[in-house]
Amino acid sequence: MKNNDFWKFILVIFIVCWALFETYPPTSRDLVKEFEARAVHRDPAFAGILARLEPLQKARPNREFANLQEAIGTNDIESYFSFIPAKDHLYPNTFILNQLQRDASGKIKLGLDLQGGTSFLVEMDITKLETTENRTNSAGQVEIVTNVPDVSGALSQAVEVLRKRVDAFGVAEPVIQAAGSDRILSQLPGLSEADKDSARSQITNAAYLEFRMVKEDSQQIIDNHLPIPPGYELLKHIEPQPNNLPPRIEQYVVKKRPENGLAGDIVKSSMVVRGNMGEPQIDFTLNDNGAKKFADVTRNNIGRQLAIVLDGELQSAPTIQGAIEAGNGQITGRFTPEEAQSLANVLQNPLRAPLKIDSSYDVDPTLGKDSIQSGVRASIAAVVLVSAFMLCYYWIAGLTANIALVTNIIILFGVMCSIGTTWTLPGIAGMVLTIGMAVDANVLIYERLREELAKGKSLRGAIAAGYARAFGTIFDSHVTTLISSVILIFKGTGEIKGFGVTLTIGVAASLFTALVVTRLIFNFLLDRNWLKSLPMLHIIRSTQVNFMKAATPLFIITWAFVILSLGYGIFGRGNQLFGVDFLGGDSTTFSFQQKVGVDQIRTALTDIGEKDAQIQYQKDVTGGNETLRVTTSNGSEQKVEQALAKQFPQAQFAVKMRQQVGAIVGAQIRQSAVIACLLSMFGILLYVAFRYEFSFAVGAIVGVLHDVLLAIGCYCIANAVSGRQFNATVVAALLTIIGFSLNDKVVIFDRIRENLKLGVRGSFKDVINQALNQTLSRTIITSGTVLIATLCLFIWGGGVINDFAFTFLVGIITGTYSSIYIASAFVLWWHKGERPTIGASQVTMQQNTVPAKV
């Protein structure tokens, strides 16, 4: 092995080993078993916990975390898990369980659509945080000034409030994070049906700000472990320490009720200012009602501590230094700027107004398991079928491509696990699509290699030339796909981001495996003289099809179909085309034991005011379980469930999935979809214009636009036939069509450019026809492998993957077609049949040097 190949081999081995390491362990261990196995010692109290846990596990086997919390109760488990540093945390038991959960969790993280759970996207009314006051300007005039709060800080404080509320449900690894400037995303995996309504209420409720008195002998009660007096409770909070010392848990015996009614919306404004020595402190202003009560409390309790409590959690307990009569107070202490801002946000109470649910998503755990099985079936089928085709068609070269394909999948899983990406159903679709597209680079190389062998080159020379000639095309085709997938990451919503991440990693990995891994294998075999020849099937041999002859009528026919199908969709179907992702509303999916007629269901829903309900039975292509999907207006899901249960008890309707999207969020998703498509096409236009010629770029965009519009038109017809509706997953499919379509066009344009540079004789029409015939075998094979993978998604994927697969199947066919009859024809007409200047100088030079060669 040559020195250069040796280091490449070491690099490949290192990357594969790293990917395998990052993926292990792939699945999670049982939390209860982890709890039992890792306890450093056991005593009767621990045995009691396990005894209480056993019946809970039998009753609720899917709620290990909540069961453990209930079984532990008020017991302190720190001594059993002394290796976990929990003493500096407010709730050490919860911290220990969370740490055990993280240790037991597998590297492959599943989204809500695969494991079941509930997701809420809630909006915070930041206008409630704005305050106004009268100020006198330099001219002596009174002005009304609006104080704009620190929105990011308020949002962070609201996230912390919701996080503590969610902890009460015993949910393992919940996701509570800011989403934009005024929204919060809450994802609660494995939430029981009984807790879902309570979770909705807890997440949307307004927070309650209280000022309570600390008992004067609080420290004595705590130090001597005395019982808490009636009317008081023990509250804790973390007190940061100066000089990077570890934080300290402060405990106070605090009244259960606010002092003198000091609670609710009484703080008008609060802000961080600097003291005389530059130290941060908090200035706050109370409203008229709060100012009077605060004056009485501070006047009568000078020297005592006043606890600030938000949503039942102690935030701070400053000492009253003097009476605050005018409603303007100041809190001083050893604050860092961040701590001072946090306390100012607490006083401002970012959740003083209830949160509004903009969208929600609810998946039954059994449906999540079905989705996993569907995704695994589709993935295995895609790998087996694509690998079998490559092995049968390219023999040894196909086996090499299959090794690269497996390496690609290993790297994909490793990178996904290392960055903590959550696997979703669209993410699985991205992986299956990557399998189909990964062989594209290998097909390009092998078809080039076949051409070089036909010229009489040695096997080593043909392999070197094949890789060299295919490199530019492979690079360009992968970049155009990456443009679309990266835009999906930044402009996609929810699970669609997961699809974009998976596709981006998969495409990047396929570039590496096709150019490095397969070349290493060939070099290894050649160096040992084990590879004498590369037999390949050659079903599609040299053709002389005049593709451009039929370009004009086909161009007119397909664009006419695009216009007619879009017109039918816009004017004939209207809002029936769009799902709740785009229009807003409630969509509920039911399982059932006995099928009920659509007309009967419509009558029942009309009786409760849902006359425009969309009702559709859905069944997997493979003949799996049939479900009922009902789409109604916002906030109607509960009355729909009640109406169906009351009117059709024999059907035994059971909710498998809920989705609720507000009208504003729906409009934002529509806007994001349009922007994503436009950005993708604009980025591709710039790249192709830079790499080729402007006419090629325009032709590519015309072809891509044709593919997208034709796919939308076909979806409009499918909506009338089968009830398919546009959703965010279809947008992902359209963006994938853009990348795939450009991939095919780049290969053809690259061959046209090469033929022009080589001075191939004939008119521009002849040059294009020759390029199309030369790349025909590659076009059919690569489109075929992607078609196989997508068919696997369509047949076995189920759920939203089926909508994606249907749209992309149309895109594969139209993308292949438009590369020949739309994009190539457009470039020909752009130049009015004349050869472009891209190859003029090279042709002249070659012709001038012919006599010298003779």
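A: **Salt bridges and their setting**

The protein chain has 27 helices and 20 strands. This is a predicted model. Along the principal axes, the C-alpha atoms fill a box of roughly 110 × 75 × 65 Å. The chain has 854 residues, and 53% of them count as buried.

Now to the salt bridges themselves. Side chains of opposite charge can pair when their charged atoms come close. A search of the whole structure finds 35 salt bridges.

One of the pairs is R38 with D103, whose closest N and O atoms are 2.7 Å apart.

Another salt bridge is formed by the side chains of D358 and R183, with an N to O distance of 2.5 Å. Here the partners sit in strands: D358 in β15 (residues 356–363) and R183 in β6 (residues 183–189), so the pair ties together parts that are 175 residues apart in sequence. Both D358 and R183 are buried.

R248 and E250 also meet through their side chains in a salt bridge, at 2.4 Å from N to O. What is the relative accessibility of R248? The value for R248 is 42%, so this residue counts as partly exposed. E250 has a relative accessible area of 14% and is therefore buried. The cut-off behind that label is a relative accessible area under 20%.

Beyond these pairs, there is a network of salt bridges that links R448, E451, E452, K455, K457, R469, R751 and E754. Two of its members, R751 and E754, have numbers that fall within helix α23 (residues 728–758). Helix α23 packs against helix α24 (residues 764–774) with their axes 9 Å apart and an angle of about 130° between them. That angle makes α23 oblique to α24. The crossing of α23 past α24 is right-handed.

For contrast with the charged pairs, consider a nonpolar part of the surface. F6, W7, F9, I10 and I13 make a nonpolar surface patch of about 470 Å². One of these residues, F9, is found in helix α1 (residues 3–23). F9 has 37% relative accessibility, so it counts as partly exposed.

The loop between α1 and α2 (31–38) holds P25. A cis peptide bond joins Y24 and P25, with omega about -10°.

Two other loops contain a backbone feature of another kind. H225 is not a glycine, yet its phi is positive, near 55°. This residue lies in the loop between α9 (218–223) and β8 (232–239). With a relative accessible area of 73%, H225 is exposed. K832 likewise has a positive phi, of about 55°, although it is not a glycine. The place of K832 is the loop between α26 (799–830) and α27 (840–853). K832 has a relative accessible area of 72% and is therefore exposed.

Note on methods
Residues are numbered from 1 along each chain as its sequence is written. This is a predicted model: local features need pLDDT of at least 70, side-chain atom pairs count only at pLDDT 80 or more; totals for chains, interfaces and linings use all residues. Side-chain values use heavy atoms; hydrogens and water are left out. Patches are made of residues with over 30% relative accessible area and no salt bridge: like charges are joined within 9 Å, nonpolar side chains (Val, Leu, Ile, Met, Phe, Trp, Tyr) within 5 Å. Accessible areas come from the Shrake-Rupley method with a 1.4 Å probe; for residues, only the protein chains shown count as cover. A salt bridge is a side-chain nitrogen of Lys or Arg within 4 Å of a carboxyl oxygen of Asp or Glu. Helices (H or I, at least four residues) and strands (E, at least two) are DSSP runs, numbered from the N terminus. Buried means under 20% relative accessible area, exposed over 50%, partly exposed in between (1.4 Å probe, protein chains only). Axes are lines fitted to C-alpha atoms, for helices over the stretch in contact, and angles run from 0 to 180 degrees between N-to-C directions. Angles under 35 degrees count as roughly parallel, over 145 as roughly antiparallel, 65 to 115 as roughly perpendicular and the rest as oblique. A crossing is left-handed if the near helix is turned anticlockwise from the far one by less than a right angle, and right-handed if clockwise.
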